[in-house]
Amino acid sequence: MRGMVTALAVAAAMMLVAAPADASSPSVDQRLAAATTARDAKLARVQELQARLTALQERYDRIESLAGRAALALVTTSRAEQAAEQAVAVAQQQLDERIRAAYEVGFGTTIQAMLSADHFADLATIQEYSARTLSVDQTVIAAGRVAETELATRRAEAAGARAALAPTQRKLAALLAEMRATLAEAQRVAELANIDVAQLEAERQALADAAARQVGRNALAAGVTGRDQSGLLALLGPTGGMTCETPGGLRETGKSFTGYASWYGWDFAGQSTANGAIFDPTLFTAANRWLPFGTFLRIHYGDKCAIVLVNDRGPYGHLERVIDLSMASAHYLGVGVSWVTADILVPKEIPA
């Protein structure tokens with residue numbers, strides 16, 4: 001009996017092994033094919049999102065260049081407005097002083113002086129003084145009117161520059177939001193498909209940098225014009241830095257260094273540099289990681305030299321690069337990412 005049970009158990013086990021699998025359950029090959037198809041679809045979606053992100057970035061770069069120019073125009077007009085306000089204040093002060101003097105002297109004092117004159121020459125002097133005082137008053141009034149007219153013009157220009165910057169800033173903000181959403185979706189899909197996200201992380205950092213530049217232009221639109229560095233820039237001399245000679249206001253230190261130079265341009269225009277001045281890519285300035293602000297460098301490249309003012313910090317991310325030149329100075333020299341020699345120059349006197 002025991003042997004019969006064992007035989008039946010073996011027979012049952014053999015029947016189970018031989019029985020075909022449930023037709024509704026996918027095979028390993030089928031599951032692998034489905035997984036591969038799903039992964040390929042995710043990969044295709046990531047590539048589609050990356051292409052979209054690239055197109056958005058190219059559009060953003062074009063508009064940001066326009067925003068940089070608009071921001072610099074705003075800086076220029078805002079400073080002109082401040083100068084016009086100062087001229088009006090000076091004219092008003094001069095007029096107040098004339099009115100105060102006329103009040104203190106008074107018409108009666110002039111008559112008294114005429115009555116007490118001993119000679120016709122004295123009368124002539126008193127009359128000339130009165131006429132000159134009146135003439136000067138008219139001159140001061142005329143100067144005040146000119147200053148007020150100039151101020152109205154500059155205020156209108158500044159308002160126009162702010163109005164021109166505002167819609168560009170809104171476009172950039174909208175594009176930035178769209179790029180962030182696109183990048184977030186791409187990263188989510190890439191993680192699901194186990195795709196390398198290093199490139200997407202780099203793009204995330206680029207968006208963070210763009211957002212920082214956006215903040216800088218918003219500050220300009222709010223009326224921040226940055227530190228005035230015109231006194232230092234004047235030390236570049238009549239060539240504006242396009243020379244191998246040492247300008248009269250600078251002296252050589254006998255120190256120099258070498259390394260790779262790169263450059264930055266309109267993408268950063270209108271942003272605040274590390275020393276508080278506004279970055280203008282058309283000026284001969286530069287960023288360096290260690291030199292004091294207000295130092296000058298004579299950059300040698302090929303058979304050309306350019307003298308630049310250090311007013312920013314950088315370059316970062318590429319430690320082999322020792323200087324980031326402004327667009328204008330780099331283009332003048334013909335520098336892309338190039339090995340240069342830099343002589344350190346300093347002002348003979350610190351500009352006021």
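## Surface and burial

Accessible areas are computed by the Shrake-Rupley method with a 1.4 Å probe, and for residues only the protein chains shown count as cover. On that basis the protein chain has an accessible surface of about 20,500 Å², with 59% of it belonging to carbon and sulfur atoms. This is a predicted model, in which local features need pLDDT of at least 70 and side-chain atom pairs count only at pLDDT 80 or more, while totals for chains, interfaces and linings use all residues. Residues are numbered from 1 along each chain as its sequence is written, and side-chain values use heavy atoms, leaving out hydrogens and water.

The protein chain has 352 residues, and 35% of them count as buried (under 20% relative accessible area, 1.4 Å probe, protein chains only).

## Helices and strands

The protein chain holds 6 helices and 6 strands; these are DSSP runs, with helices (H or I) of at least four residues and strands (E) of at least two, numbered from the N terminus. Their order along the sequence is α-α-α-α-α-β-β-β-β-β-α-β.

## The largest pocket

A pocket is an open set of points on a 1 Å grid over the protein atoms alone, where a 1.4 Å probe fits, with protein on both sides within 12 Å along at least five of seven lines; lining residues have an atom within 4 Å of a point. The largest pocket has a volume of about 550 Å³, the volume being the space filled by probe spheres set on the points. Its lining has 22 residues, and D209, A212, R213, D267 and F268 are the closest to its centre. Helix α4 (198-221) and helix α2 (28-115) each supply at least two lining residues, and α4 gives the most, 7 residues.

Methods. Buried < 20%, exposed > 50% of the residue type's maximum accessible area, 1.4 Å probe, protein only.
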